[in-house]
Amino acid sequence: MRVTERAHGKGPIDPNRAPPRAVLVGVQLPDATAAEHEASLAELSRLVDTLGFNVVAQVSQKRTSLAPAAGLGGGRLAELARMTGGSGVIESGAKKKVQKKELHKPAAEPIDDDDDDDVEEGDSADAAAVRADVVVVDNELSPSQLRNLEKATGVEVLDRAGVIIEIFWRHARTKEAQLQVEIARLQYEAPRLREKEHSGDRQRGGGVGGKGDEELELDRRRVRDRIAELKRELAQHKTDDATRRARRKDATRVALVGYTNAGKSSLMRALTGSEVLIADKLFATLGTTVRALHPETRPRILVSDTVGFIKNLPHGLVASFRTTLEEANEASLLLYVVDASDPAFRAQLDVTKTVLAEIEADRIPSLLVLNKVDRLSELEKKRLARDFPRAVLLSALSPPDVKRLHELIVEHFEHDMEETTLLVPFTRQNVLGSVREHARVVKEDWDEDGARLLVRAPKEHLDKLRALLA
Ligand SMILES: Nc1nc2c(ncn2[C@@H]2O[C@H](COP(=O)(O)OP(=O)(O)O)[C@@H](O)[C@H]2O)c(=O)[nH]1
Ligand SMILES: [Mg+2]
């Protein structure tokens, strides 16, 4: 069973579907301290959380090197397999290895190599009680190690880059972003595909190459051709600066930008309070990361959660990240969200600002939100207020704080609204819903022509409503 969205094709995420249950795997190698290893797993856990997966267990192992077959050594691999309901056995490829047993020891048994330095942590007795649908590995594994891990666990295995690509994929709403992420995905999956096809061929061919190599070459060429095709398409869709500047903004859209773990999603949930997906009839259909401000305002204000900045983003993913972040350009107010309790937040804020300037989103009015102040002392809060006099200090977990931010957002939009009178004839009563959603009706008079409405809304909304009524 595959849990990633791209495996199901791009479509709206079913909010009623139970979240996939993930088990995290990390091998602590000699070049990492215990603290670094823990921090790395914690970050991976947050990325997996961003995908909406439920992290149900963590398997950690200390080794002098990655186990050649599947990264993890035998004991831990067997424990992992109990969590996923897999065999714990790396079956395929075994046939070939048996044939060449003078070179490799048979693999058709639980791998039990080089496991002497295995430090067991946690309670392995509970492993069978955990039911995981996906394995997420923190270490960089070779394509064959990843494949073997999938065989032994019987479920989909993702590594860090795979998780990040999946996050980008869900946020990619423009054609350009979708193409960019698709290219990154193919480039990422190409070596894995090669391995997969290879072992399949070997099975069919009984360990003899020949036809397998031809098929492999064909697959390679197919992927290469597809990437070239996507790149050509991308060149056509590439937004030039003029288009970007002209991109139509949503006059009542707020976008949350900032690093992963800053608290964007928490703030989004607190500000919108509803899990209801929004399908806007008058405006474009909105993605799964957009919600209406709640309690609802007139006109309705939308909040979108943009793709988060990631520390140590793999180089191959930088272009897709930037293009995906461009959705911030659709907003007319940006909330820069930072985790003020993170000692690195000032540097992160600088990076965020620089990148947003590069995609020309720095022209959008913005508000700095210093989140997680519940973790700070009074003294630290005073210093922050002094250093960032225009910032909003708050905790996404505090309802009064969230209410105050809600008011600031409403005030911001109220500021540039205009008033006008719209005549909605009896024959166009279907438009009334849109009017009430995108404007505030100040006064309403009915006569023989229909409804005469005095409305207040941003100019862009009024233009659209007038066009709709024309
Ligand atoms: N103490 C505290 N924790 C918070 C606050 N806001 C968010 N968090 C926690 O920080 C973590 C990351 O939050 P999340 O909203 O997922 O961040 P995102 O990656 O920016 O979307 C979660 O464990 C939240 O519960 C806050 O104001 N105070
Ligand atoms: Mg988030």
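Modeller: In this predicted model, helices and strands are DSSP runs, numbered from the N terminus, and the loop between β5 (253-257) and α9 (264-272) is where Asn261 is found.

Biologist: Why is Asn261 called buried?

Modeller: A residue counts as buried if 20 or more other C-beta atoms lie within 10 Å of its own; Asn261 has 22 other C-beta atoms within 10 Å, and is therefore buried.

Biologist: And why is Glu360 called partly exposed?

Modeller: The partly exposed class lies between the buried limit of 20 or more and the exposed limit of 12 or fewer. Glu360 has 16 C-beta neighbours inside 10 Å, so Glu360 counts as partly exposed. The place of Glu360 is in the loop between α11 (345-358) and β9 (366-371).

Biologist: What makes the phi of Asn261 worth a remark?

Modeller: Most residues other than glycine have a negative phi. Asn261, which is not glycine, has a positive phi near 85 degrees, and for Glu360, also a residue other than glycine, phi is positive and near 60 degrees.

Biologist: Which peptide bond involving His294 is cis, and what is its omega?

Modeller: The bond that joins His294 and Pro295 is cis, with omega at about 0 degrees, and Pro295 has its place in the loop between β6 (290-292) and β7 (302-305).

Biologist: What is the omega of the peptide bond from Arg298 to Pro299, and where does Pro299 lie?

Modeller: Omega is near -5 degrees for the bond from Arg298 to Pro299, which is cis, and Pro299 lies in the loop between β6 and β7. Most peptide bonds, by contrast, are trans.

Key: Residues numbered from 1 in each chain as written. Chains lettered and ligands numbered in written order. Predicted model: local features only at pLDDT ≥ 70, side-chain atom pairs only at ≥ 80, totals over all residues. Helix = DSSP H or I, 4+ residues; strand = E, 2+ residues; numbered from the N terminus.
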